[in-house]
Amino acid sequence: MPADQLVQNLESALSKVPLIDPHSHIDPLAPVSKSLDDILGYHYYTELAHSAGMSQALLARDADPRERVREIVKFMDRYDNTAQYAWFVDIARTFLGLDEKATRITAADADKLFDAAEKTFAQPDWEQQVFAKSRLEKIFLTNEFDDPLKGFDTAKYVPCLRTDALVFHLDKPETRRRVEAATGVYVRDAATLRKALATIFMHFTRNGARACAISLPPTFHPAKFDDEHFYEQMQFHDFHDLAPGVFWMIAEFCRDFKLPFDLMIGVNRRVYERGVYQGQDLFDQRTSLVQYKELFNAFPDVTFPISVLTSGQNQELAAFSWIFPNVLPNGHWWYSNTPPFIRKDLTERLTCVPKTKLIGYYSDAYKLEFVKPKYGMYRRILADVLADEFVRPGVLSETNAVALGTRLLRDNVREVFKV
Amino acid sequence: MPADQLVQNLESALSKVPLIDPHSHIDPLAPVSKSLDDILGYHYYTELAHSAGMSQALLARDADPRERVREIVKFMDRYDNTAQYAWFVDIARTFLGLDEKATRITAADADKLFDAAEKTFAQPDWEQQVFAKSRLEKIFLTNEFDDPLKGFDTAKYVPCLRTDALVFHLDKPETRRRVEAATGVYVRDAATLRKALATIFMHFTRNGARACAISLPPTFHPAKFDDEHFYEQMQFHDFHDLAPGVFWMIAEFCRDFKLPFDLMIGVNRRVYERGVYQGQDLFDQRTSLVQYKELFNAFPDVTFPISVLTSGQNQELAAFSWIFPNVLPNGHWWYSNTPPFIRKDLTERLTCVPKTKLIGYYSDAYKLEFVKPKYGMYRRILADVLADEFVRPGVLSETNAVALGTRLLRDNVREVFKV
Amino acid sequence: MPADQLVQNLESALSKVPLIDPHSHIDPLAPVSKSLDDILGYHYYTELAHSAGMSQALLARDADPRERVREIVKFMDRYDNTAQYAWFVDIARTFLGLDEKATRITAADADKLFDAAEKTFAQPDWEQQVFAKSRLEKIFLTNEFDDPLKGFDTAKYVPCLRTDALVFHLDKPETRRRVEAATGVYVRDAATLRKALATIFMHFTRNGARACAISLPPTFHPAKFDDEHFYEQMQFHDFHDLAPGVFWMIAEFCRDFKLPFDLMIGVNRRVYERGVYQGQDLFDQRTSLVQYKELFNAFPDVTFPISVLTSGQNQELAAFSWIFPNVLPNGHWWYSNTPPFIRKDLTERLTCVPKTKLIGYYSDAYKLEFVKPKYGMYRRILADVLADEFVRPGVLSETNAVALGTRLLRDNVREVFKV
């Protein structure tokens, strides 16, 4: 879209809002990149390069990082039309001194950028610099249930309990061993599972956790299991088919510990079996929030910030958020995190869901350097949507439009997650 | 979108077209509001306020109307971003003397508006005033099968036979009692059901009914039942599971009585069990018009104006309307009745369905005051789409674009429903 | 959209790119129209006219062509809002001398156009003229498996093996007779089926075939069958239910003969049983590319250019193409081949799929005269999307945007299909 004066004003005003990023995969003990390999090793680049023809040879753990970077950059002239490439150009300009006017990055730039990154990322205050340049205030983590949550500032790096393993892999002895190691509880029935979960929730909330999260397949249907059923499955069926019931029990703890439960709905794991690391998952558009009807009705006091993987499900998310007080639309996830989908989904939500319930965006980043380009993309679209839907039709003044945008970017994150 | 000169010209020309509103829930014996409570009691406001945090205490039947209005208005600063809020601002400006330049309505305005409404709505000719200010000529009703259809001018308020109860609740003794009371026929088999339906259709067509209507769940699949099957279900299974067959029989009467059959497809009832009155229904995006294949083939002489609840199904509706002579797209329903969905769905229909088959819009209103703001929203979008898709590319002159818009707004309603 | 200067520049630059049309239904022995009846006999016109009320009487094989054309043109004032009508106006202007400024075609023009067509199409070099006026270089065919592929220049008319009959109609004795006649092989088990397919693939590749193609229903799920299963179904079940396995075997031949396998996914045949010729098929939006998971994993060396019938499935196509190296988005098919769907689907693909994998468009034409208007529609939208997504935001210069457009229009077709 043409970035006219109005859109530029809105965008520049929104770019001054300090960010609280409500979902990421940052490792608080290694939050920033150490080399360009950390940036381009992000699955968005390895999967696009591989999809465009790059062999996976140089993606091997023991391959030379500089060689790997050269290869991924070499293939950019095959995917330099993508939003993901645009994030990299933004990173190269903001952090690696690429000329502001440069819009292309070619194979010839690989070594120069690699060296610049090595030098830049080696600065002792690099982490602080990235926080500052990104106007980042706090960022949520995604911690495994047995994470000690030690060694970092939980005021800056907000813990969030990831429950995928507990819900989907309790049938693996390794998971149960981890549960026992973390809680001292040997799970063998509903009561011991409750005891273990209570210990985990206690540990997380005491360490400043502000949310519980999970990613779910398109077919998932939560269900309350009675204790006998847990007992039977655990004792006689190797802990199989417990996911719906364990999920339900976790929702009960979210209620008791007053934690929002982030649901990320719609991913099918390992669809492309030989895909690159983290580049194997896809989805099936045939899914519905109706599968969560009983859950939303049973837990009126639990806030469910929901991310849907497909834009086709956005109308369901908007409608369920318009009707259920405890359902909130949350950001733009993964395959729906590119401009055309964000523009569509954001516009749909903004015109029918109470503004106080709209959690605008999260970076989903693995390294802090990605917060800035991803939020930058979102702010450009947000400014554009605010201009088209509210300012130009005379519904809101520029000032009020910026206030609305700020609510999506920051205020609602603070209120929903109580930070 | 920016309302430039061209769009303004088209919109102002379209705003002069007298309206025939082909679907509403108006009570012809109490068509207009008596107090602001009638306006803000509309489920679009109670459900948004509740979704944004308002308790349901003041929604009780015996609660004080003024208190209820204060509460709903108080919460508007949480949902003043929505299209539904914009309808209310339009109503306050048009009917309640709110300053034209005012774009916000706050808690402080509640009493002032409540008093203004009481005074305004008390005028003896208020109904006529609303018709005039809305440029409304006729409006369709949605009448229960046992509605006497007496006491109102059927030239202004066009009767429409609602068949939901007959199709989905014939297993309730109360429904069968109502059928017997209305028709004198005690239904016990296919023959008596036919006799009762014939009586009902006779009653409605003699009283100027111009359509038959029903709302259907996403899973519904019509089917022709033979008389033996009706007999068995009625005699030995308490009238259960008759919906597909009763629906089919009603389609046969639509054919014989030459009535269009409005299908409103996709609603799941009572998904949010503790939701506000009329704010409990949602949907499942997984549905298809293919479920109606046999119906459309079996009744080539019945016109089926179809509304789909989800924008995701709009391409199916457009394609089925492009192929089947008896299938017509009808308005923008409920969860798809906000600007982004209307814009998308209208543009898709306008570029592939014969223009003579496009029924542009209906208000779905419960009180006449909503006809004006809802049609106003639609006309703005229609003007915008006509400008972008036809006038700017040089396909149509402004005059011809207005003619095309008029066809969607009025001409097709007259031709399809023979009014 | 407003065709401003930038969009006009891009469009005019793109209109100079010589076309290689990767999918059509052209009969190379009768590639151009002989009368206006060949143009308006195209199902897009007969089905729209019929949908708008035209009886099928004049569509009978033995009806008078001039009368038929008059009737179809007479009904145009009911569907002159459609994209399909716009194609016809373009044809009438480009080939039949209709005034450039004329935007309407009415019943009064029927005879004049009919006569102009008769005269124009009778020119000995008409085929060459259409190639020249359309800037067409090569066009792909869709040949039945027993097509002799003789009597035409395969450098201009590129053969493509259509496998629908082999996959879905092998249970018909007539199909097996045709296989035996074409290959000399009497199919009775997996081995003889392989022998027959090998002969067919040999015949096609020796005659310059560059692709294999098939159209599939929404429910289709490919599967590898073992030889015993083929034997049992053929010997004891009249060749029933072999489609998944025959399809899989054909994919094996695509791998061995290095032919891309065009999958056209989502069509339900004969939904409108009494519809016009080729105007009876529709779809069910409930389908997913996940059904092809095993196929995409099993054949990493086979390129699958994929067309989806619904825009709702476009995000799946974009995501699968972003992840799987062997999955490519291919054009805009049938019910998704109108401006709003093309604009949406193209924008979604362009921002997340490597540009080297995007096969922009194909005409799907039955007569060469349709290549120009269809590609014209696509180029206008492509120019518009390139302007909005790349040039105006400062991501690409006009020159580079044209290069990106050229890649979608031509370069990728040459590379993917090796022409």
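Biologist: Across the interface of chain C and chain A, how many salt bridges does the rule find?

Modeller: In this predicted model, the rule finds 2 salt bridges across the interface of chain C and chain A. In one such contact, the side chain of C:Glu389 meets that of A:Arg343, with 3.1 Å from N to O.

Biologist: Which helices of chain C each supply at least two residues of the side that touches chain A?

Modeller: They are helix 14 (293–298), helix 15 (314–323), helix 16 (339–350) and helix 17 (371–391) of chain C. Helix 15 of chain C gives the most to that side, with 7 residues. Sorted by class, the side of chain C that touches chain A has 18 nonpolar, 13 polar and 9 charged residues.

Biologist: How should I read the size of such an interface, and what area do chain C and chain A bury between them?

Modeller: The size of an interface is often given as the accessible area lost when the parts come together. Here chain C and chain A bury about 3,300 Å² between them, and 57% of that area lies on carbon and sulfur atoms. Of the area that chain C buries against chain A, 23% is supplied by C:Gln315, C:Trp322 and C:Ile323, more than by any other three residues. The contact takes 40 residues from chain C and 42 residues from chain A.

Biologist: Turning to the nonpolar core, which residues have the most contacts inside the largest one?

Modeller: In soluble globular proteins, nonpolar side chains tend to be buried together. The largest nonpolar core of this model has 435 residues, and those with the most contacts inside it are A:Phe261, A:Leu263, B:Phe261, B:Leu263, C:Phe261 and C:Leu263. If residues up to four places away in sequence are not counted, C:Leu263 touches, among others, C:Ile214, C:Leu216, C:Phe247, C:Tyr292 and C:Phe304.

Biologist: How many salt bridges does a search of the whole structure find, and which parts of chain A does the pair of A:Lys224 and A:Glu252 link?

Modeller: The search finds 84 salt bridges over all chains. One of them joins the side chains of A:Lys224 and A:Glu252, at 3.1 Å from N to O. This pair links distant parts of the chain, with A:Lys224 in the loop between strand 5 (211–216) and helix 12 (227–236) of chain A, and A:Glu252 in helix 13 (residues 243–256), 28 residues apart.

Biologist: Are A:Lys224 and A:Glu252 buried or exposed?

Modeller: A:Lys224 counts as exposed because its relative accessibility is 56%, over the 50% cut-off, whereas A:Glu252 is buried because its relative accessible area is 15%, under the 20% cut-off.

Biologist: Where in chain B do B:Arg178 and B:Glu144 lie?

Modeller: B:Arg178 is in helix 10 (residues 173–183) of chain B, and B:Glu144 is in the loop between strand 2 (136–140) and strand 3 (157–158), 34 residues apart. Their side chains meet in a salt bridge at 3.1 Å, N to O. B:Arg178 counts as partly exposed at 22% relative accessibility, and B:Glu144 counts as partly exposed at 30%.

Biologist: What is the relative accessibility of B:Asp345, and which residue does B:Asp345 form a salt bridge with?

Modeller: B:Asp345 counts as buried at 2% relative accessibility. Its salt bridge is with B:Lys344, the closest N and O atoms being 3.1 Å apart, and B:Lys344 counts as partly exposed at 24%. In chain A, salt bridges that share partners join A:Arg66, A:Glu67, A:Arg70, A:Asp111 and A:Asp115 into one network.

How values were computed:
Residues numbered from 1 in each chain as written. Chains lettered and ligands numbered in written order. Predicted model: local features only at pLDDT ≥ 70, side-chain atom pairs only at ≥ 80, totals over all residues. Heavy atoms only, no water. Contact = heavy atoms within 4.5 Å. Buried area = accessible area lost by both parts, 1.4 Å probe. Salt bridge = Lys/Arg side-chain N within 4 Å of Asp/Glu carboxyl O. Helix = DSSP H or I, 4+ residues; strand = E, 2+ residues; numbered from the N terminus. Nonpolar A, V, L, I, M, F, W, Y, C, P; charged D, E, K, R; others polar. Core = buried A, V, L, I, M, F, W, Y, C linked by side-chain atoms within 4.5 Å. Buried < 20%, exposed > 50% of the residue type's maximum accessible area, 1.4 Å probe, protein only.
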